[in-house]
Amino acid sequence: MKDFKSSNIIPEEESEEYHLSDNVYNEVTREKSQPQSAESSKDFGGDYSQAEMREARIDRLCAVFFRGCLCIFLFILVCGLLYAGYYSELYKKWVQKRAIEIEADMQEHGMGETFSFKDMKLTVTEVRILNTEEEKVSFPNPDKNLVAVKLSGESNGTSGFQNRISEAYIRYGGFCYWQIPNVQCHGLAEKYEIEIFEEWTMTQTTKGEGWLIFWLNNEEREFTLCLEERSNGIAYIDVVHSIHICLEE
């Protein structure tokens with residue numbers, strides 16, 4: 001019996017040791033697997049949050065850069081507008097002051113007389129009244145005559161300011177009256193079969209001629225045609241050429 005019991009004890013002890021080793025193995029396996037899983041999830045979460053932080057930082061820098069560029073652009077625009085307004089007003093006053101200080105040379109000529117105008121030679125060759133008495137009724141100024149003055153010129157054939165004619169005017173009764181703008185004269189030129197003397201007529205040609213058109217009071221039979229030589233663009237009047245003209249009876 002003792003032997004039987006002892007033989008029964010041995011397997012029981014062996015069974016307990018076997019199960020104990022299984023439990024220990026499972027615990028060790030669990031301990032190894034659990035920290036590894038936790039560590040990997042921790043590393044993934046850390047990388048994801050850092051990426052989000054980098055993207056947020058880049059977005060903030062882009063927003064700051066854009067706002068800075070916008071502020072600089074607006075600042076330059078405002079300063080430019082203020083400077084342009086101040087400079088234009090200052091330059092206008094300076095030109096007016098210089099124009100008053102400079103005394104223009106006055107030269108008088110007669111009809112048919114050739115005179116020097118910049119790099120050109122000009123001559124007033126003819127004058128005539130275009131409109132008839134019947135036409136005056138339909139004209140905007142029935143108490144005025146439509147007077148045309150023929151101008152002939154010679155130049156060196158180059159294109160430039162020196163071969164340009166500035167806008168002309170006539171003087172009578174103590175007042176000055178500008179010529180009818182050329183853009184408004186093309187219909188009149190076609191109607192009366194004449195050619196307008198444009199401001200650039202003498203450029204790129206050695207000889208040219210055309211007509212300048214003015215409004216003149218019906219009772220006036222004499223007037224003075226004035227042509228100005230200007231420098232610095234058209235800012236300063238250097239010479240005023242006056243041509244006394246009489247209408248034929």
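Mentor: Start with a definition. On a 1 Å grid over the protein atoms alone, a cavity is a set of points where a 1.4 Å probe fits but cannot get out, while a pocket is an open set with protein on both sides within 12 Å along at least five of seven lines; lining residues have an atom within 4 Å of a point. Grid points are joined across faces, edges and corners, and a volume is the space filled by probe spheres set on the points. This is a predicted model, where local features need pLDDT of at least 70, side-chain atom pairs count only at pLDDT 80 or more, and totals for chains, interfaces and linings use all residues. Residues are numbered from 1 along each chain as its sequence is written, and side-chain values use heavy atoms, without hydrogens and water.

Trainee: How many cavities of 30 Å³ or more does that rule count?

Mentor: Rolling a probe the size of a water molecule over the atoms shows where empty space is left. Here the count is one cavity of 30 Å³ or more. The largest cavity holds about 30 Å³. Its lining includes Lys118, Phe161, Glu228 and Arg230.

Trainee: Which classes make up the lining of the largest cavity?

Mentor: Ala, Val, Leu, Ile, Met, Phe, Trp, Tyr, Cys and Pro count as nonpolar, Asp, Glu, Lys and Arg as charged, and the others, Gly among them, as polar. The cavity lining has three nonpolar, one polar and four charged residues.

Trainee: What is the volume of the largest pocket, and which residues lie nearest its centre?

Mentor: Its volume is about 280 Å³. Of 16 lining residues, Ile165, Ser166, Glu167, Ala168 and Glu199 lie nearest the centre. The lining divides into seven nonpolar, three polar and six charged. Ile165 and Ser166 also line the largest cavity.

Trainee: What is the strand order in the open sheet?

Mentor: Strands of a sheet pair through backbone hydrogen bonds, either parallel or antiparallel. Strands (E, at least two residues) are DSSP runs, numbered from the N terminus. Two strands pair if DSSP finds at least two bridges between them. The five-strand order is β1-β9-β8-β5-β6, with mixed pairing. β1 (105–110) and β6 (175–178) each have a single partner strand, so one side of each is left without a neighbour in the sheet.

Trainee: Which pairs run parallel, and which antiparallel?

Mentor: β1 and β9 (236–246) run parallel, joined by six bridges. Gly110 has His244 as its bridge partner in β9. β8 and β9 are antiparallel over ten bridges. Glu228 stands opposite Val240 in β9. β5 (169–172) and β8 are antiparallel too, with three bridges.

Notes:
Helix = DSSP H or I, 4+ residues; strand = E, 2+ residues; numbered from the N terminus.
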